[in-house]
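Let's take a walk through a protein model together. Have the sequence and the 3D view ready, and look things up as you read.

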Amino acid sequence: MSVVPIPLPCSAAHRVRIASVISPLKRVRPRAPFYKLSAHRIPTLWSLYRGLLRHAPGENIRFRVRMMFRKNQHVVKAHSAKEKLVMGYKWLETFKRAEQGDIKFQTVLSRYERMIASKREKTAWKMRILEAFNWEAKLRSRPIFKGSFIRPSFDNKLLPRLIPQPAHITGMIVRRRRARDRRWEQRETLKSWAHDLRHESLFEYALLKSARGETVGAARHMKGRMLGDHANRCAGEVVRLLREEHLLWAPVYTGGAKSKWDEPFLKRQAELKECMMRDISRYRAAPPAGLVLQGKQARREKVANKTIQRQRERSGEVTATTIKRRRSAPPAHVRELMTPRKLLVDRAIREASEGGWSGAIKAHMGVHMHMPEKWKAEGGWEDEEKKKLLDDMERKIRAENERRRKHSKLEAAPFSE
């Protein structure tokens, strides 16, 4: 067996010298990221950031410095952060030289100040215009109360019917409906589990009785509360037998253990019942007097607005309602001379549909349509073979209906004497 020689003292000392030279050159990766180290934060915040704000020649340049630091505060890559810091120290040197009287840098920074001011003014105007557009869009879609109400239900009390209806009201109603469906499913699941536990309790009761030589009748016909009362009576009898006869058998589902099994079920069922009572109280809640008064006032204002609108139309002003009414039907003097068939055709031509009977009428009258063949495809008339097949099916159905009609008449006729 070979023996490993012990290194000489001079060799060990030489290794120590090499380690002392190489160890400082090794890269030590800190456990914390660089942006959390004090060696990065203190110089950046106290020297660079405050120095830039202190030596900046104008308010707009200070604003730009704050915005750039706020924009780059989430840079986590070391090389990217290094590039931004080099640029920041270059700015700081430029600000200091301009403050010391350098004409070239003062001219450059003065132009930079004016450029930032112009850009800020342009951005401010864009924001003002955008806010105005948003406000106009909000006014166009603002909810209007016309005096009608949403009837009370399990999901809501009496609510004003707003047009358009706000999303939070719709979300509230939908959320409550889904929650009630979930509670109902959970209620059925709890009833099923409780039913199983009662049968397990009765099974243990039957085991105890059979061990004592007694017979027990089946409880399969029992359901609901009757089964629960029977299980409670059996559990009480088990407790009494265990206490009187000092049996060593410990029941799992019946006896004293039954109440522990029933406790979480009863607690959750009570919570579900409370939720159901809240739904019922919401349905039976009396309408608020203030809301009813607001509805009456809204109806009066609606009548007043319509009256003013009619007065404007009588004075010759053409409103949106006037244009809509004109487009809905021909003028009165023309409509008086039209037959009911022509009025029906005119209504079909004016509506938006391009399929079915309306599309066929428009195609016959030569009205321009975006999809001229749509009415044919819906009726099955685009394909000649399919049309023939449908006609044959219709003919057979009509013949069968006629045969059944005649047969039913023959059966209904009385017998002659």
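What follows covers a few helices, some salt bridges and a surface patch.

First, some ground rules. This is a predicted model, where local features need pLDDT of at least 70 and side-chain atom pairs count only at pLDDT 80 or more, while totals for chains, interfaces and linings use all residues. Residues are numbered from 1 along each chain as its sequence is written, and side-chain values use heavy atoms, with hydrogens and water left out.

**Two helices to look at**

Helices (H or I, at least four residues) and strands (E, at least two) are DSSP runs, numbered from the N terminus. Start with helix H2, residues 38-55. Its 18 residues reach 24 Å from the first C-alpha to the last, close to the 26 Å expected at 1.5 Å a residue. That expected span is 1.5 Å times one less than the number of residues.

Where is the kink in H2 centred? Find Thr44: the helix kinks there by about 30 degrees. The bend is the angle between axes fitted to the seven residues ending at a residue and the seven starting there. Thr44 is also buried, as are Leu48, Gly51, Leu52 and His55 of H2. Here, buried means under 20% relative accessible area, exposed means over 50%, and partly exposed is in between (1.4 Å probe, protein chains only).

Now jump to helix H13, residues 356-365, where the buried residues are Ser358, Gly359, Ile361 and Lys362. Looking down the axis of H13, you'd see these buried residues within an arc of 160 degrees, so they line one face of the helix. The arc is taken from the directions from the helix axis to the C-beta atoms. Just after H13 comes Gly366, with a positive phi of about 80 degrees.

**Salt bridges**

How many salt bridges does a search of the whole structure find? There are 18, counting a side-chain nitrogen of Lys or Arg within 4 Å of a carboxyl oxygen of Asp or Glu. Here are some of them:

| Pair | Closest N to O |
|---|---|
| Arg404 and Glu400 | 3.0 Å |

Asp155 sits in the loop between strand E1 (144-150) and strand E2 (159-163), and Arg177 in helix H6 (residues 167-211), so the pair ties together parts 22 residues apart in sequence. Asp155 is buried at 4% relative accessibility, whereas Arg177 is partly exposed at 46%.

Asp279 counts as buried, at 7% relative accessibility.

Arg404 and Glu400 both lie in helix H15, 4 residues apart, about one turn of the helix. Arg404 is exposed at 54%, and Glu400 is partly exposed at 28%. Elsewhere, salt bridges that share partners join Glu59, Arg62 and Arg66 into one network.

**A patch and a pair of lysines**

Leu389, Leu390, Met393 and Ile397 make a nonpolar surface patch of about 370 Å². Of these, Leu389 has its place in helix H15 (residues 384-412). Patch residues have over 30% relative accessible area and no salt bridge; like charges are joined within 9 Å, nonpolar side chains (Val, Leu, Ile, Met, Phe, Trp, Tyr) within 5 Å. Accessible areas come from the Shrake-Rupley method with a 1.4 Å probe, and for residues only the protein chains shown count as cover.

Finally, find Lys296 in helix H9 (residues 289-314). Lys296 is partly exposed at 47% relative accessibility. The C-alpha atoms of Lys296 and Lys146 are separated by 9.1 Å, and the two residues are 150 residues apart along the chain.
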